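Me: Hi! I would like to learn how to read pockets and helix packing in a protein model. Could you walk me through an example?

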Amino acid sequence: AAHVASFLTTRYGLKGLVQEWIDAINTAISNYRGEDADVAVFGAMLRHEVDEAFWTTHCQLKEAVGDLLRVYLKGKHPYRPEADVAAMHRARQADRVALDEDEWTD
């Protein structure tokens, strides 16, 4: 949290404006942490619930889950062209297509 306050103070200087931004950031984290893991981890870092180095672990975990999803989709659709499987993978990762239950429980 101190890093954010320091950045905002350097950027804007005015205490009132800095506090307004801090409040907006905290509100956004509260509103979206249940929907977005990146936001949840950022909020946990600001509250000192996880170390800042956890961000690297979080990114590695997201990549591993993405790889598992890609392998699952290839196995589920072995005769589909690679481009189709890649498009399905991108759509699921971008939340344009909801994951089927068997894609996240298998």
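Reply: Gladly! Let us start with a pocket: Ala1, Val4, Ile22, Ile25, Asn26, Ile29, Ser30, Arg33, Gly43, Leu46 and Arg47 line the second largest pocket. The elements giving two or more residues to this lining are helix 2 (15–32) and helix 3. This is a predicted model, where local features need pLDDT of at least 70, side-chain atom pairs count only at pLDDT 80 or more, and totals for chains, interfaces and linings use all residues. Residues are numbered from 1 along each chain as its sequence is written, and side-chain values use heavy atoms, with hydrogens and water left out.

Me: What counts as a pocket, and what is a lining residue?

Reply: On a 1 Å grid over the protein atoms alone, a pocket is an open set of points with protein on both sides within 12 Å along at least five of seven lines, whereas a cavity is a set where a 1.4 Å probe fits but cannot get out. Lining residues have an atom within 4 Å of a point. Helices (H or I, at least four residues) are DSSP runs numbered from the N terminus. Here, helix 2 gives the most to the lining of the second largest pocket, with five residues.

Me: What volume does the second largest pocket have?

Reply: A volume is the space filled by probe spheres set on the grid points, which are joined across faces, edges and corners. For the second largest pocket that is about 170 Å³. The largest pocket has about 660 Å³.

Me: Which residues lie nearest the centre of the largest pocket?

Reply: Val65, Arg92, Gln93, Asp95 and Leu99 do, out of 22 lining residues. Helix 3 (37–46), helix 4 (54–76), helix 5 (82–93) and helix 6 (101–105) each give two or more residues to that lining. The largest share, seven residues, comes from helix 4.

Me: How do the two linings divide by class?

Reply: Ala, Val, Leu, Ile, Met, Phe, Trp, Tyr, Cys and Pro count as nonpolar, Asp, Glu, Lys and Arg as charged, and the others, Gly among them, as polar. The largest pocket has nine nonpolar, four polar and nine charged lining residues. For the second largest pocket, the lining has six nonpolar, three polar and two charged residues.

Me: Now the helices. How is a packed pair described?

Reply: Two packed helices are described by the angle between their axes and the distance between the axes. Axes are lines fitted to C-alpha atoms, for helices over the stretch in contact, and angles run from 0 to 180 degrees between N-to-C directions. The axes of helix 2 and helix 3 come within 9 Å and cross at roughly 130°. That makes the pair oblique, the name for what remains once angles under 35 degrees (roughly parallel), over 145 (roughly antiparallel) and 65 to 115 (roughly perpendicular) are set aside.

Me: Which residues meet between helix 2 and helix 3?

Reply: Contact means heavy atoms within 4.5 Å. Ile25, Ala28, Ile29 and Tyr32 in helix 2 meet Val39, Phe42, Gly43 and Leu46 in helix 3. This contact has seven nonpolar, one polar and no charged residues.

Me: At what angle do helix 4 and helix 5 cross?

Reply: Their axes cross at roughly 140° and come within 10 Å, so helix 4 and helix 5 are oblique to each other. Gly66, Leu69, Arg70, Leu73 and Lys74 in helix 4 meet Glu82, Val85, Met88, His89, Arg92 and Gln93 in helix 5. These residues divide into four nonpolar, three polar and four charged.
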